[in-house]
Amino acid sequence: MADELELIRSRIDIVDLVSERVALKRAGKNWKGLCPFHDDRNPSFNVSPDLGIFKCWSCGATGDLFTWVMRTENVEFPEALRMLAKRAGVELKQGSQGLSATQREQWTEAMDLAQGFFRRSLEKSEQAKDYLSRRGIGGDVADSWGLGYAPDVGEALVAELKRHQIPLAEAQKLFLVDGDAVRGFQDRFRGRITFPTHDDRGHLVAFGGRTIGDAIPKYINSSDTPLYSKRRVLYGMHRAKEAMRQSGHGVLVEGYLDVIACHRAGIESAVASLGTALSEDHCRLLKRWCDRVTILYDADEAGQKAADRAQELLKTAGIAVELALMPDGQDPDTLLRTIGPSGVLQAVERSLKPTDFKLLQLRKRMSPTEDGFWKEAVAIIAAEPEVNELARHIDALCSEYPYVRDKVRARDILDRQVRGLRKGHRRSGGARKEIKAVVAMTGPKMDAAERTILAAFCNQDCRSAAWEAVADHELFSHATARAIAETLTTTFQQAPAGEPAVWLGVIADEEIRQRLAELASDPLLRIDPVVLSDAINQLRKRREERSVAALREGANEPDLAQIQAKLQALKGGFSTPK
C-alpha cells in the first residue's frame, strides 16, 4: 500500500485539493486562507505544497491530503483512500480496499438494477400505490426517497438479474435473492414496499421491505453484506448529515417511515438504525456530524428500554442526549398523519434531558405521596453526571417532600440522601486503589536547536547534514524529539530524496509524521546550513555537559582530573564540523 499512497500523493496537488473548499492566496512558498475548522476571522490557515500538509496556527488543525478528506468529508481512512485514488487515477490493489474494483462494480450494478426494478414495479402496482397513499405518502415523496415495490412473485427480480447477466450467487451475497444453484433462486423481497438504504456517502448498499398485507414479519431488513454493515449505516444519514453539520443536532428515530415523516415535517436531521439496536459504530458516525442527539422513540415499554440503552451509548461517545415526549401509542409517522408537522416538531422541541425525562416517567407511575416514589427519585438524581444539575433537581422536588413541612429542611434531607447514594456508587465500583501517577522523564522542553535540526530534515539543502545529526539519537534530550529521530532512522535506510510531500507519507506513525510536518512549516524557524551547524554544535555541547554531570555525581578522587579535563574542553567550545 505504501507505493499506492506515494503515487497518490505525487499526483494530487494539496493546494488544488484544499482550494476547492477554501479560498487560498499565495504567501511566499505557501498558501494562506481562513481555516474551515473554526470561526477564523484573520487568515491563520496555511497550506504547504512542498511539505504536502495543511496547518492552522490558531486551532491546531493539521494533516496531509488524506487527513483533509477525512475531516472535510467525515469519512474513515479507507473511504478517503478510495476517493483520492479515484481522483488520482490510481487503481488500488485488492488488499488496499478489501475487494477488487471489478467485483465492487458488479455488486453496484446489481443493486442499481434491483432499485430500478422495484421503482418500475411500484408504478405498475395500484395496490402498492394505494397502500402508500393511505400512509400519507404521495408520488412526490415516494420519488424523493426512492421507494419501490417488490411484486408478490417468487422469481420476478431473479428474472431481471438473469436478463442482465448478473450471477445470482453474487446477488445472494447482497440479500437480493435466496437459494442455491441446485434448489434454484427466489426473490428475498415479495409483496413489500422497498426502502433503499444508502451509506453516509450516498452509495446504495441495502434494501428494507415492509409488507402491504398481513405477512409476518412486518419488516424485512437486509443482513450484513459485502457492501453493508447494519451496525455502521444509519437510514437517511446521506440526507441528514448536512443539516446535522449546520445545527450540531441530530434526531434518532426507530424506522424508515419515521425518518421520512420527520423530514417531511422539516426535521431534516433525522436518522434511524435498522434491523439492530443502536451500536457504538452508529454513535461514532453521529459524532462526526453532530454533538447533540434527540431520541424520538416509541412511547411503549420496548421503545423506552431501547431509548435508555441508546442514551448510554451516545453519552459514552461524548454526545449530549435529550429524550422526546411521544404521546402514548404514537410515533413520528402517526403524529404526522394525525396532527400534522406541528405534532412532530413539538415532540422534538419539548424534549428533555435524561434525568428530567426519567423523573417525568416516574411521576406517571407513582405519586409523590408514596414512599417508593422518593426512593426511586433519589436514585435517579444521584445518577445525574452533571454536578450542577443536582441542585436544580433537588430544588424542584423539595416542596413536594411529604415527611417534613419546612422546605429548607426537606432540601437538606434530600441533599444528604442524594450525596450519600453518590458516595455509595463510587465505593461500589470496587475496592479503592491507590493510583500513583507515573510521570515520564521527558527531559527539558524541546528547544530551538532540536526543533531546527528536525525541521532541517525537510529542507533538501540541509537534509544530508541533518540526517547525520538525527542518526545520533543521544543528541536529543526531549522525548518527542528523540522519538522523531528514532522513527526517521528506522523508517529510512538513508536520507530520503525528493520533496517531503512524497516521502513524509511513508512514515507509519501519524503523530510523528504530523509533528515533523508542523516543525518544517513553522515560520519562526530559519533553516540554512549555518544555523543548522550551530544547532548541532549546541546539542553536542549539551550532551557533553550531561556526561560530565553524570561523572561528577558518582566521582571518586582519582576521577576529578578527568572531570576537570572535560570541563576545560567544554569551556574551549567546539569547532564547526566540516
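In strand E10, Gly208 is the bridge partner of Phe195. Bear in mind that this is a predicted model, where local features need pLDDT of at least 70, side-chain atom pairs count only at pLDDT 80 or more, and totals for chains, interfaces and linings use all residues. Residues are numbered from 1 along each chain as its sequence is written, and side-chain values use heavy atoms, leaving out hydrogens and water.

Strands here are DSSP runs of E with at least two residues, and helices are H or I runs of at least four, numbered from the N terminus. Two strands pair if DSSP finds at least two bridges between them.

| Strands | Sense | Bridges |
|---|---|---|
| E9 (residues 192-198) and E10 | antiparallel | 7 bridges |
| E10 and E11 (residues 219-221) | antiparallel | 3 bridges |

Over in E11, Tyr219 stands opposite Arg210. The hairpin of E9 and E10 has 5 residues between the strands, and Gly202 takes a positive phi near 90° there. How many residues of E10 (residues 204-211) are buried? It's 8 of the 8, so the strand is largely enclosed by the rest of the structure; buried means under 20% relative accessible area, with a 1.4 Å probe and protein chains only.

Now for helix H13 (residues 280-289). Its buried residues are Asp281, His282, Cys283, Leu285, Leu286 and Trp289. They pack against helices H3 (65-73), H11 (237-247) and H14 (301-316), plus strands E13 (270-272) and E14 (292-295), where contact means heavy atoms within 4.5 Å. Ser279 caps the N-terminal end of H13, with a side-chain oxygen 3.3 Å from the backbone nitrogen of Asp281.

How values were computed
Buried means under 20% relative accessible area, exposed over 50%, partly exposed in between (1.4 Å probe, protein chains only). A polar contact is a pair of N or O atoms within 3.5 Å; within protein, one must be able to donate a hydrogen and the other to accept it, and residues adjacent in sequence count only if both atoms are side-chain atoms.
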